[in-house]
Amino acid sequence: MSAAEHEATDEHPVRLSARQLARRRRRESFMRGWRTFRRNRSGMLGLVVLGLFAFIALAAPLLASAEGLEVTKATGGVLEPPSSEYWLGTDDQGRSVLTLLIWGARISLFVGLAATVISMVIGTLVGLISGYSSGWSAAVLFRLTEWFLVIPFLPLAIVLATVLGRSLFNIALVIGVTSWPSTALLIRSQTLSIKERAYIERARVLGAGRWHQIRKHVLPNVMPMVFANTTLTVAIAILAETTLSFLGLGDPTRVSWGSMLEDAFQVGAITTGAWWFIVPPGVCVVLVVLAFTLVGQALEEVLNPRLKGR
Amino acid sequence: MTGRLLEARKVSVEFVTRGGQVARALDGVDLEVGAGEIVALVGESGSGKTTVARTMLGLERPASGEVVFEGEPLNYSLRRLRELRRRVQMVLQDPAGALNPRQTVYESVAEGMRLHGIAAKDPQKRNEIELVAAAMASAGLRPPERLFLRYPHELSGGQRQRVLIAGALALGPELLIADEPVSSLDASIRGEILALLLKLRDELGLGVLVVTHDLGLAWNIADRIAVMYLGRVVEAGPTEEVLQAPQHPYTQALLSVVPEIEELRPVVLTGEIPDPTRIPGGCRFHPRCPAVADGSAAADGVEEACRTLPLEILPPDPRGHHVACHLAALRSTTGPRTGSIV
Amino acid sequence: MSDLLRMRDVSLTYRTEEGDVPAVRDVNLDLDRGEILGLAGESGCGKSTVASTILRLQPPTARVTGEVLFEGEDVLTMRWGDLRALRWAGASIVFQGALHSLNPVRRVGDQIAEPIHLHDPDISDKKVEARVGELLEQVGLPAARARAYPHQLSGGQKQRIMIAMALACRPRLIVADEPTTALDVMVQAQVLHVLSGLVHELGVGMLMISHDLSVLADLCDRIVVMYGGRVVEQGPSKLVFGEALHPYAAALSAAFPRVGDPAARFAPSGLPGDPPDPADLPPGCSFAPRCPRAIDECTRALPELRSFGADRQAACIRVEQP
C-alpha cells in the first residue's frame, strides 16, 4: 500500500478530496483551451477590442464627467465639428460627442448582455426540455419555439416596447424574448442527439432520474455549443438595441449609441454634414459586433477541435 | 445452492415500427438468474437477447408477462426502480460510448455511488475516495489512483470496460448483467475480462447474466446457457449438455459453423433472422430449419406440426435441459411436449 | 506464371509532431494465385497498414522502405498510370467497416458499376448491367438486388455488395480487411463461404486480415501473425493455430476457445496489459512486457525471425529447435 501511495503522490496525491481533484482537472482543461484560443489571431484581436470597450464602459466616470451628459450644463455650440476642446465635436444640444460615446458604451453593452442572459436562459431551458422530454410538453414547447421564430422581430419588438413602456430593462426584455428561439432550436437538436448516447442510458441504469441525467450529462455536453452561441447572441442583441433605440423605442433618459444615431437622424446631421455625430456611434457598434463574432468563432474552434485550421 | 434472484416470466415486449407495424422483440421468455451463477444468453442480432437484459432491469416494460425480483414483481415507480438498480447492475455494450467523454474516471465510477448515497451507509465507514478505489481495484485497475483523473479517450478498450465494471460494482450489486462484455475488445485481453467475471462470481458471490453471440465465450465461463431465436428461448440447460449435445436444429447449426469445430459438418443456414413483425407460424424456425429442408422432419411425421403448431415457452428450470422443437420432442424418450430432456 | 505478391523488408514509419512512429517493421510476405493468406493481429499491430501499401494507399506522411512486388513490379515506385491501372483491376480491397462504406443515397448496383466505368469509360451500359448482375450472383445475391438502396439491405448483404464491388474489375488479388468482424456467426459463415468459393472458382489470391485466429485457421492456407509492427510467426494455418510456436500466437489462439475443450472450461485465457502503442514500443521484443515466458535477455534485442522446419518461422528466442 505504501508503494502505491508513493507512486500516487508523484502524480495525483490521494489526500486530495474529490472536489479538489475535479477542480484541478477543470483548471488544466481551461488552460489548454486558452492556449488554443491564443493561437487564433482574429479571436485574440476580437478579445482585445472587447476588452477595450469593456474598459471604456466600466471606467466611464473616470474618462468623461457625467455632467457632460446633462443638457442643461452643455457648454459647447450646436453641432460643432471636432476641435481640440471637443475631440469628436458636439451634438445638437452642445454636449461633447465623445462623452456621449463613452457613456453610451455602457448602455449598449449592458442592454446587449442583459438581453443575452434572458435569451440564453429561456432558450436553453426550452431547448433542453423540448429535446429531452417526449410527449405533449415537448411538442408544445417545440411549437412555441417555431411560432416565435416565425414572427418577424421588428414588429413584435415594436409592439412589446410600446406595451411595456420605454425603459432599459424593457428593451432588454424585448430583445431577450424575441431572440431565444434560435438558441432553443440549436440546443434542442444537440440535446436530441446526446439523448441517444450510451452514457445517458448508463446513468439511467445506475439509478439516475431525469433531472440528474440532464444536469450531469446532457448539459455539460451541450454547454460548449451554448457558449459559442452566446457570443454571437450578444452581437445580435447589441445590434437589436441599437435598432430599437434608433427607432425611438429606447429609454429617453439614457444615451446609447442607438439613441445617438436617432438624435443625429432627427436633427438632419446627414444633410448638414455633421459626420462626427453619425459615424462614431456607427463605427463603435460595428467594431463591437465584429469583435464578438470573431471571439465566438475562435471559441467554436476551441470547443470543437475538428474545426481547427479551416 | 443458488436461489432465484431475478426472473422473467413469460415476458413479451413489443415495439411499434416506423411503418406502424408491431414487432415482437420478445415473444414469451422465461429466464432466471440466481446469485453465484453465470448464465449465458446466446443469440444472433435480432434474437431479442439485449431486449431480455433491458427488460429484466426495468428499462423496458413488458407487454405481457412480468419480471420478478426476489419473488416480487417489479414496481415501475422511479423510487422502486432505483432500489432495484442498486442490487442489479448492467454493464453496457460499447465501452467507448458508455462513458461520458467529459467526466473523469473517478467521476464516472463515483456517479452511481453518489446517486445511492453509498458512502454514507458504508458499514466500514470508508469515504468516497476509498470506495471508488476499492471498486476500481476489484475490477482489476491497479493502482486505482493513477487513473482517477484520466478521461475515457486516454484509456485503452480494456481499461474502459473495467471502468464500467467498477462503476457497477461500486453499488455493491448482487447481480450483474453484461451485454457483450468483450466483443469490442482486442482478442488478447478478452480472457482477462472474462476471468474477472469468474472472479466476481467466486469471490463476491455475484450472479452474472452474460448476453453474447459468442458460443466460445459461453463455453469459457457460463454455468448455464439459453439459446434464443426470434424472441424465444429455443434451448436451455447446463452449458456442457447444450453445447456438446445440442438438440435443437438451430443450436446445432450455430455450433457447426463456429470455426475450427471439426466434429460437426458445417450447416450454413440460408437467409437471415426474419423481421420480428412477421414471425413465422408454427415453429418460428421452420422456414430455415435444416431438418425441414432435408426431409428428416417429414420422415418422422412432424413436418406438419413444425409448420402449424406453435411451441410452448420453455420453463426456467435451472437443472434441466429443455428444447422447444417438435422433432426433438419426438425423438426424446422421456419428457412432455416441450421436449424436456432430463 | 509470375508471382502474385511479394513483400520484401517492408517498413513504414509515420512522421508526426512528436517524432517518427514505426508502424510496420521489416515485413516479408508471399502470396500466389489460388491461395488464401491470413494476416492476424490486434489493433496497432500494423496489419491494415501493411495491406494499404499493396495499392499504395498509405497516408502521405508515411515513409515506406522495401519492395511491394505485384506480379514482379514494385507498387511503391510505379508510375502513376500503372498504379491507377493496378488499383481495382489488379488488386482490390474489401475494407473494414464495409457496412458503413456504402453511399446511402445511391443504388448499390450503381456503386458496383462505378469502378467498371472508371476503368473502361467506353463500355456500354448494357454490358455494365450484365456484369453487375453476374457479380451479384457470384456473391450469392439475386441480380435484381442491384436496384436496392443500402438501407434496405442487411449487414450480411451489404458485406456481399462490398465483395461484389471488389470483384468488379476482375482483380488477381483481393485484400479482405476484417470482413466478418461485425457480423453474426451464421452470417459470418455465409460470407466466408462466399469468399472461399471465389478463390476456388476465379483463382484469385486473397489476403485475409483478422484478429480472429480461428476464422483464419478455417479459411486460410497459411497465416502470418503480426505484433508491434513485425511478423512474429508464420506457417501453415492449422499449425499456427493449433501448435503455435510464438507465445503471442499461442495466446491469440487461446483467446478463442474451442467449444468442447475441457481445458477451456472456466479457464479463460488472456494476456495482461494492452497491445503496444507503436509510438511507445518497449525495448527489445515488443511482446516481452506481456509474455509469460519472457526472460531478461528478451528486452535486450529484437528477436530475429528464425526457421523451424519448412515454411515455419517464429521470432522468439525462447522457442527451441525441434
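1. Let me begin with chains B and C. Chain C brings 36 residues to this contact, and chain B brings 33 residues. Please bear in mind that the model is predicted.

2. On the side of chain C that touches chain B, three helices of chain C each give two or more residues: H6 (185-202), H7 (213-219) and H9 (247-254). H6(C) gives the most, with 6 residues. By residue type, this side of chain C divides into 19 nonpolar, 10 polar and 7 charged.

3. Chain B also touches chain A, and that contact takes 26 residues from chain A and 30 residues from chain B. The elements of chain A that give two or more residues here are helix H1 (2-11), helix H2 (18-38), helix H9 (198-206) and helix H10 (210-246). Which of them gives the most to the side that touches chain B? The answer is H9(A), with 8 residues. In composition, the side of chain A that touches chain B has 13 nonpolar, 6 polar and 7 charged residues.

4. A helix pair within chain C is also worth a look. Helix H3 (residues 108-119) and helix H5 (residues 155-167) of chain C pack with their axes 8 Å apart, at an angle of about 25°. H3(C) is therefore roughly parallel to H5(C), since angles under 35 degrees count that way. The crossing of H3(C) past H5(C) is right-handed.

5. What do these two helices use to meet each other? From H3(C) come Val108(C), Gln111(C), Ile112(C) and Pro115(C), and they meet Ile161(C), Ala164(C) and Met165(C) of H5(C). The residues of this contact split into 6 nonpolar, 1 polar and no charged. You could pick out these side chains in the viewer while reading this point.

6. Ala245(B) sits in the loop that runs between helix H10 (239-244) and helix H11 (249-257) of chain B. Is Ala245(B) buried or exposed? Ala245(B) counts as exposed because it has 12 C-beta neighbours inside 10 Å, and the cut-off for exposed is 12 or fewer. As for its place relative to another residue of the chain, Ala245(B) and Leu169(B) are 76 residues apart in sequence, and their C-alpha atoms are 35 Å apart in space.

Terms used:
Residues are numbered from 1 along each chain as its sequence is written. Chains are lettered from A and ligands numbered from 1 in the order in which they are written. This is a predicted model: local features need pLDDT of at least 70, side-chain atom pairs count only at pLDDT 80 or more; totals for chains, interfaces and linings use all residues. Two residues are in contact if their C-beta atoms, placed from the backbone, lie within 7 Å. Helices (H or I, at least four residues) and strands (E, at least two) are DSSP runs, numbered from the N terminus. Ala, Val, Leu, Ile, Met, Phe, Trp, Tyr, Cys and Pro count as nonpolar, Asp, Glu, Lys and Arg as charged, and the others, Gly among them, as polar. A residue is buried if 20 or more other C-beta atoms lie within 10 Å of its own, exposed if 12 or fewer, and partly exposed in between; C-beta atoms are placed from the backbone. Axes are lines fitted to C-alpha atoms, for helices over the stretch in contact, and angles run from 0 to 180 degrees between N-to-C directions. Angles under 35 degrees count as roughly parallel, over 145 as roughly antiparallel, 65 to 115 as roughly perpendicular and the rest as oblique. A crossing is left-handed if the near helix is turned anticlockwise from the far one by less than a right angle, and right-handed if clockwise.
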